Amino acid sequence: MNKWRIDKLSTLCTRIGDGLHGTPQYSENTGFYFINGNNLNGGRIIINSDTKEVSEDEYKSNFIPLNENSLLLGINGTIGNMAFYRGERIMLGKSSAYLNFTTSINKFYYYYFQLPGVQKYFYDVATGSTIKNLSLKSLQDFKVPIPNDVEFKKIVAVLSAFDDKIELNNKINAELEQMAKTLYDYWFVQFDFPNAKGKPYKSSGGKMVCNEVLRREVPEGWQHELINDLGTIVGGGTPSRSIEEYFTSNGIAWITPKDLSLNNGNKFITKGDLDITEKGFMAASLNLLPAKSVLMSSRAPIGYLAVNTVDCTTNQGFKSIVCNKTYSHEYVYYVLKNYMPTIEANATGSTFKEISAGVFKSIKIIKPKYEIVEKFIEQVKPIFDKQDNLEKQNHQLANLRDWLLPMLMNGQVKVIGNTHSHGQDLLMATRPEAALGKVVQLNIPTNRKTFAKQVLAGKIISRFKNDANFTDIKFQKIQFLAEHIVEADLNLNYYYQAAGPYDNVFMHTIYNDLKKNKWYECKDRKFAALEKQGKIEKYYQNYFGPATGQLDKLFRLLSGATEAKSEIIATIYAVWNNFIIEGKPIVEDELIQSFYNWSERKHQYTRAQVLEGLQWLREYKLEPTGFGKLIKKAKSKK
């Protein structure tokens with residue numbers, strides 16, 4: 001644990017105050033912006049078209065001296081939002097506090113205030129039943145740990161390196177988005193797609209004809225169609241909130257409009273704040289949207305768009321398009337974006353506007369020649385792929401930053417050496433359970449562990465028996481990952497084997513055990529169900545009930561995965577887990593080198609494939625915790 005001195009926040013600041021308590025005199029086009037807590041986000045002051053402006057006289061009469069050591073904090077309504085001051089011409093409102101620190105330690109407290117315990121404190125001491133307000137007095141008297149200059153600068157250097165990379169990725173993605181949107185507008189709005197000679201069609205005198213249905217001119221040969229022709233339009237729903245077992249943190253991705261609002265600025269989405277279980281999915285009669293559908297919020301508000309990267313479902317606030325007809329998601333995404341004003345104009349409702357399924361399907365749109373659409377898709381697909389990769393990288397960076405944050409603050413992780421190495425010299429002091437969350441307890445009796453291991457194997461076969469990629473190697477890797485992720489001590493006996501962690505005794509007996517239990521018979525790598533196969537689920541719920549959400553997530557993610565991918569993921573998991581058990585620094589390059597040191601077989605996989613396996617574990621929050629035994633090399637195996 002860190003042994004930092006504790007003192008009131010006010011001792012570190014020259015002043016802690018807030019902005020104007022009242023309504024200023026607004027003006028236009030002055031360049032002086034009125035800023036409240038909702039304008040503070042991710043360390044930046046957000047100024048957009050909705051930000052009101054004030055006159056220069058109003059700005060001067062309410063002037064607050066801010067500098068590079070200032071930290072702005074939302075204290076009314078949007079409690080906890082933060083931003084640094086970077087010389088913007090701003091006037092603060094009452095929902096934005098300013099903390100003028102005496103040194104650059106404001107950067108440390110930007111991260112310290114993000115700790116869940118600190119955020120909870122802010123809400124607990126805030127007053128007000130409808131809109132919470134965090135008083136200046138509670139901030140001034142808030143007792144905080146105070147690291148020395150060397151310590152806080154090292155911590156800030158590590159955490160800010162993640163934020164800097166995320167910001168750079170966001171800038172690149174914004175530029176890529178502008179390129180793709182401009183191309184769509186140029187081809188399908190201005191009609192300057194390349195003609196037969198490669199010249200802009202309309203600008204070069206291409207023939208335009210009047211489409212009477214659309215009531216506008218379109219290029220010759222272009223027609224009209226309905227939004228319904230873009231793909232299958234699917235709604236959503238919500239399982240009963242009163243039934244707790246319908247919801248989980250690791251189940252089927254379930255997206256709400258709020259999730260899309262929080263995802264604003266990103267094109268892709270993997271999951272929302274809350275998942276649903278298979279029971280919840282069935283109870284609400286939901287539809288599963290395959291990956292690369294286009295999700296569109298249809299109420300409260302209308303118009304949020306995203307492409308799902310994994311199979312998911314949504315609540316009732318959506319009209320999503322499964323791109324299973326003529327067009328791919330790259331084209332459908334920009335068609336909806338372009339026609340959003342029309343979609344919004346057709347919405348109805350007194351309190352919240354909503355676009356009905358029938359009206360949405362019937363909206364008329366331009367139908368270009370398909371060869372033009374194909375050329376457009378060919379142009380923008382690499383952009384989509386690059387944006388997807390950068391967003392995934394950002395998720396991984398944010399997850400790693402948030403995982404490190406509490407441990408850096410409480411001393412579980414120390415920064416040594418050069419702080420400009422972007423986190424490469426971090427030393428793990430303890431197992432990272434505190435950051436990853438508590439693992440459920442299974443409490444399997446010692447004398448039933450062997451049978452429970454058979455039950456888990458039976459469940460895996462039930463889920464994967466029709467998977468074309470389900471080989472012995474994939475079977476063993478799923479079994480290994482399942483036991484370790486839910487921390488089930490089922491007489492673990494794994495050793496180094498060329499294809500990854502391997503339990504020799506288990507794999508040589510499991511098929512006979514399955515047949516003996518009258519669950520499955522395996523012939524020529526095909527599984528035939530026997531008379532007592534139906535009992536597997538009952539045993540599974542009995543032994544693994546508390547962990548079924550985590551296991552279902554793992555099974556779903558590996559469904560259809562190749563043998564190679566399963567092997568890579570299980571092996572890099574085992575390598576990483578060994579590092580934790582041995583107390584080694586968790587350094588990416590060293591993990592990858594240890595992967596290749598596993599056996600000669602591993603050299604068939606590229607560094608990019610191994611990195612993808614690492615990123616997969618991080619993205620789906622399946623990082624190892626140091627559970628189990630150190631996996632060693634069997635004497636007779638390489």
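In the predicted model, the end C-alpha atoms of residues 26-178 lie 32 Å apart, and this span is 38% helix and 21% strand. For residues 219-393, the separation of the end C-alpha atoms is 41 Å, with 33% of the span in helix and 23% in strand. Both ranges come from the UniProt record, an unreviewed entry, where they carry the feature "domain: Type I restriction modification DNA specificity".

An open sheet is built from four strands, arranged in the order β17-β20-β18-β23 with mixed pairing. The edge positions are taken by β17 (247-248) and β23 (313-314); each has a single partner strand, so one side of each is left without a neighbour in the sheet. Strands of a sheet pair through backbone hydrogen bonds, in either a parallel or an antiparallel sense. The pairing of β17 with β20 (residues 274-276) is antiparallel and extends over two bridges. Within this part of the sheet, F247 is placed opposite I276 of β20.

A further site examined was N69, which is located in the loop that connects α1 (56-61) and β8 (70-74). The relative accessible area of N69 is 14%, and the residue is therefore classed as buried, the cut-off being under 20%. Leaving aside residues up to four places away in sequence, N69 touches L99, N100, F101, T102, T103, S104 and N106. With S104, a polar atom of the N69 side chain lies 3.4 Å from the backbone nitrogen.

Notes: Residues are numbered from 1 along each chain as its sequence is written. This is a predicted model: local features need pLDDT of at least 70, side-chain atom pairs count only at pLDDT 80 or more; totals for chains, interfaces and linings use all residues. Side-chain values use heavy atoms; hydrogens and water are left out. Two strands pair if DSSP finds at least two bridges between them. UniProt positions are given in the numbering used here, feature names are shortened, and annotations may be inferred rather than shown by experiment. Buried means under 20% relative accessible area, exposed over 50%, partly exposed in between (1.4 Å probe, protein chains only). A polar contact is a pair of N or O atoms within 3.5 Å; within protein, one must be able to donate a hydrogen and the other to accept it, and residues adjacent in sequence count only if both atoms are side-chain atoms. Contact means heavy atoms within 4.5 Å.
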